[in-house]
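Here are a few exercises to work through with a viewer open. Try each task before you read its solution.

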Amino acid sequence: MGGDLNSARQLAKEFTCSKRAAAAAVLAIVLAIVLASAALAASTTTLLPATTNTTAPSGSDQAAGSEDLTTRCLTCHSQEYLGTVQDDKGTQNLYIDSAAYHDSAHGLLPCNACHTGFSHDPHKMVNNAEFFRQTANEACRNCHDDQFEMYKQSYHGTLSRGGTAAGEKAPICIDCHGTHAIQKVGTLEYKQSISDVCGKCHGGREATFLDTYHGKAITLGRESAATCVDCHGAHSILPVSNPQSTLSEANILPTCQKCHPDASKGFSTFLVHVKPTSTKAPLIVFAVAVFYLLMIIAVFAFGGIHTLLYIYRGLKDGMYFGKGGGH
Amino acid sequence: MSAGTDAKEGMRLVYHRFSPFHRFNHYLVMISFFGLVLTGLPLKFKTSYWSQVLMDAFGGVAAAGFAHRAFAVVNILYFILEGSYMAYFVLGRKGPIFSDDSIVPGLKDWQDMKGMFRWFFGKGPKPLLNRFTYWEKFDYWALFAGTVLIGGSGLMMWFPEATTRVLPGITLNLALVLHSNEAFLATGVIFIFVHFFSAHGRPESFPADEVIFSGYLPVEHYIHERPLEYENRLKAGTLDQVVRPAPSKAKRRMFGWVTGIVTVFAFLVASYTLLLIIWPLFF
């Protein structure tokens, strides 16, 4: 009995010791992680100017103090209280999420890589959003000339040049790609954002897309699922009515076959942008959808009522608990 | 609880309701149904947080899609088995097709349903139920029809290229609407509105009915639950075909465990499904 007690004490002691050892180990690991991340952060910070210098456009005098410039701009513009102001030129968002900017695809670029033409007294040069919109495409073009040439030939690009009412609404680079939080293409998050981006102007089309298998799969994280741009094209997008469109009568099948090599003509007549419960849907699709809607309501309602009444009677007659129940 | 256990311990005779074949089929239905719902429903409720959790747990959409097809194969298997049994029963004239005893709905089911509603409101006695009640017939045929519709549309979407080589592209639109709605209907019927309650939750069998897992139920319970079948068999002298000595204690305990585990699992799956569906309404 006493021996048992002793060995128990011994065990308890060992346990305490091993607990201490474990605690020390955890502490050491946490410390190591903190130190390592601090070191990493420090090295990234020191790397920044070098990288910035190489990626900044035209290694002119602008580049020399570019990291200073970004820091200087963000001194004010990363203050949330700047917020959004409304003036006769429209809405201007003056606040820039510093962390999101540094995480973006352009995170290593200085402000004046895109906001060209100023370095010392920026507010005289870029004093409103409209001015920047007018110059934005040119700024993008400095690095992304190929994409810009494709865009210029596209429907979006043609609209922009028109100077018409439609042209006013036509998207420029930043309308699709965003600005300070511009995303790296090819990531899942980027692909998941595409339908929302298109939906900003093509309202309702994104909802019908999201209800197809492609839309459901991309929403839940299947990276390889097709989004708007895989069928419609991206920079060189054209209306489906245009014979050059990726979805024109002549081109639609090869477009499907990019992912579905065995697709035939019939395959390409699948209707992506259909809301089954809308009267605009093909009659048979609409009929089946409405039939099910009514059927589901009827069956659930009847089943639910039947169940509740059964439970009510069972409780009232004491069939669940005790007298006269079951067996 | 103790009363039920005592009754079971003292059980002398049991009524054999389901053959091993039908119990085996029910296991297949169960496995494939749970699997298909868990891998399929997240697609329908794609914006629900719990859909994402489930998809990630399966290892992503592609992996869940593979599992969905694997469960579909199990589904096809039980459908072939049950279909073959049906053909064997009908062609081999194993029993009358239109009788009180059969699974085919008849006039009595309509009268039973009216009788049950009268009983619910205390306006009459509980109707004398036969071998298959109207809600059991509903379960059976709804599942049968549902399997044809969901299975057919599912196969179309599994092989979209082959399907549209023969049929127009709108077939796939129809297949999706049908598959998704019918699956939602089936999930609601099985998990919430009909089956789980009518099989396990109703007062006569609460909290769980062992009969589909063990195949038998105590004779006293049988007389109480299927009075008309009992009476008919008594008159026809066919009771000895279905009433047998109770199996061993160990066997009964095993079926108790099986029923318990399946019931808990089913309850968890149904709760999760319900959570997944209603989550987007609030968040």
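Predicted model: local features only at pLDDT ≥ 70, side-chain atom pairs only at ≥ 80, totals over all residues.

**Exercise 1. Work out what the contact between chain A and chain B is made of.**

Solution. Start by counting who takes part: 47 residues come from chain A and 52 residues from chain B. Next, get the area. The size of an interface is often given as the accessible area lost when the parts come together. Here chain A and chain B bury about 4600 Å² between them, with 73% of that on carbon and sulfur atoms. Now go through the polar side: 17 residue pairs, both partners at pLDDT 80 or more, are in polar contact between chain A and chain B. Then ask which elements of chain A are involved. Those giving two or more residues to the side that touches chain B are α13 (213–219) and α16 (283–316) of chain A. Of these, α16(A) supplies the largest share, 20 residues. Finally, sort that side of chain A by residue type, and you get 27 nonpolar, 14 polar and six charged.

**Exercise 2. Find the salt bridge between chain A and chain B.**

Solution. You're looking for one salt bridge. Its partners are B:Lys46 and A:Asp211.

**Exercise 3. Is B:Lys137 buried or exposed? Describe its surroundings too.**

Solution. First place the residue: B:Lys137 belongs to helix α6 (residues 134–158) of chain B. Its relative accessibility is 6%, so B:Lys137 counts as buried; the cut-off is under 20%. Next, list its neighbours, skipping residues up to four places away in sequence: B:Lys137 touches B:Ser102, B:Ile103, B:Val104, B:Pro105, B:Gly106, B:Asp109 and B:Phe132. The B:Lys137 side chain gets to the backbone oxygen of B:Ser102 at 3.4 Å.

**Exercise 4. Decide which part of chain B has the lowest mean pLDDT among its elements.**

Solution. Begin with the overall picture: chain B has a mean pLDDT of 92, and 96% of its residues reach 70 or more. Then go element by element. Helix α7 (residues 160–166) of chain B has the highest mean, 97, while helix α1 (residues 2–9) of chain B has the lowest, 42. Zoom in on residues 1–8 of chain B, where the pLDDT is below 50. Beyond near neighbours in sequence, that stretch has four contacts in the model.

Definitions and conventions
Residues numbered from 1 in each chain as written. Chains lettered and ligands numbered in written order. Heavy atoms only, no water. Contact = heavy atoms within 4.5 Å. Buried area = accessible area lost by both parts, 1.4 Å probe. Salt bridge = Lys/Arg side-chain N within 4 Å of Asp/Glu carboxyl O. Polar contact = N/O pair within 3.5 Å; in protein donor to acceptor, adjacent residues only side chain to side chain. Helix = DSSP H or I, 4+ residues; strand = E, 2+ residues; numbered from the N terminus. Nonpolar A, V, L, I, M, F, W, Y, C, P; charged D, E, K, R; others polar. pLDDT = per-residue confidence, 0-100. Buried < 20%, exposed > 50% of the residue type's maximum accessible area, 1.4 Å probe, protein only.
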